[in-house]
Amino acid sequence: MKKNIILLFIIFAIPLFSGTSKKKKIKQVPIENKLINYGEFKRIVNRSEGERETHRLTEEQFLNLMNEEGVILLDARSENRFHILHIKGAKNLPFTEFTKESLAEIIPLKNTKILIYCNNNFEGNQEAFAAKSPAASLNLSTYNSLKAYGYESIYELGPLLDVKKTILPLVTDQPEP
């Protein structure tokens with residue numbers, strides 16, 4: 001009898017503690033929005049991973065490519081940070097302003113060589129180059145967004161550089177105090 005009580009207890013208790021009770025699982029219904037496509041975003045990120053790594057440049061490679069004809073140097077940081085300090089010759093289009101039209105104004109041809117850099121490429125001036133979390137680096141978002149808009153030839157400054165020691169020409173648009 002004692003064995004039967006223990007057996008009944010086990011039979012009824014196990015589902016309570018294992019989460020396998022007969023409760024109905026709620027199925028999440030996707031919320032439709034034709035202007036948001038997470039699946040396509042993941043596809044672009046996954047497809048670009050290997051190529052992106054081969055398109056990360058040293059400081060010297062970046063400087064040499066800046067001097068090639070037709071290359072666009074794109075700074076996707078905020079307008080305020082851009083004016084404080086940026087690489088000479090860069091065009092500023094804040095990431096939050098990326099649209100098909102705004103990108104086409106700066107980069108009309110999809111096969112144009114584009115050079116990008118971000119806050120996480122420079123240290124030594126927190127006001128101009130406020131570092132982001134490594135996984136939230138603007139280079140990552142910029143690279144994948146440019147790919148999403150159909151741009152084919154994107155190159156990224158790879159290293160972390162000291163603003164006082166870099167060979168890249170940094171300039172300000174702000175008047176001297």
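Buried means under 20% relative accessible area, exposed over 50% and partly exposed in between, with a 1.4 Å probe and protein chains only. Helices (H or I, at least four residues) and strands (E, at least two) are DSSP runs, numbered from the N terminus. The legends describe a predicted model, in which local features need pLDDT of at least 70, side-chain atom pairs count only at pLDDT 80 or more, and totals for chains, interfaces and linings use all residues. Residues are numbered from 1 along each chain as its sequence is written, and side-chain values use heavy atoms, with hydrogens and water left out.

View 1. Of its 177 residues, 34% are buried.

**View 2. Strand β7 is covered on both faces.** On one side S153, Y155 and L157 are buried, and on the other I154 and E156 are buried. In a regular strand the side chains alternate between the two faces of the sheet. Five of the five residues of β7 are buried, so β7 is largely enclosed by the rest of the structure.

**View 3. Five strands form an open, parallel sheet.** Their order is β1-β7-β5-β2-β4; two strands pair if DSSP finds at least two bridges between them. The edges are β1 (56-57) and β4 (91-92), each with a single partner strand, so one side of each is left without a neighbour in the sheet. Two bridges link β1 to β7, where L57 has L157 as its bridge partner. Strands β5 and β7 pair over four bridges, in the parallel sense; here I114 is partnered by I154 of β7. Strand β2 (residues 72-75) runs parallel to β4 and is joined to it by two bridges, with L74 opposite K91 in β4.

**View 4. Helix α6 (residues 138-148) packs on the sheet.** The helix touches β2, β5 (113-117) and β7 (153-157), a contact being heavy atoms within 4.5 Å. Its direction makes about 155° with that of β5; axes are lines fitted to C-alpha atoms, for helices over the stretch in contact, and angles run from 0 to 180 degrees between N-to-C directions.

**View 5. The largest pocket holds about 260 Å³ of space.** A pocket is an open set of points on a 1 Å grid over the protein atoms alone, where a 1.4 Å probe fits, with protein on both sides within 12 Å along at least five of seven lines; lining residues have an atom within 4 Å of a point. Grid points are joined across faces, edges and corners, and the volume is the space filled by probe spheres set on the points. The lining includes F41, F95 and N144. Helix α6 supplies the largest share of this lining, four residues.
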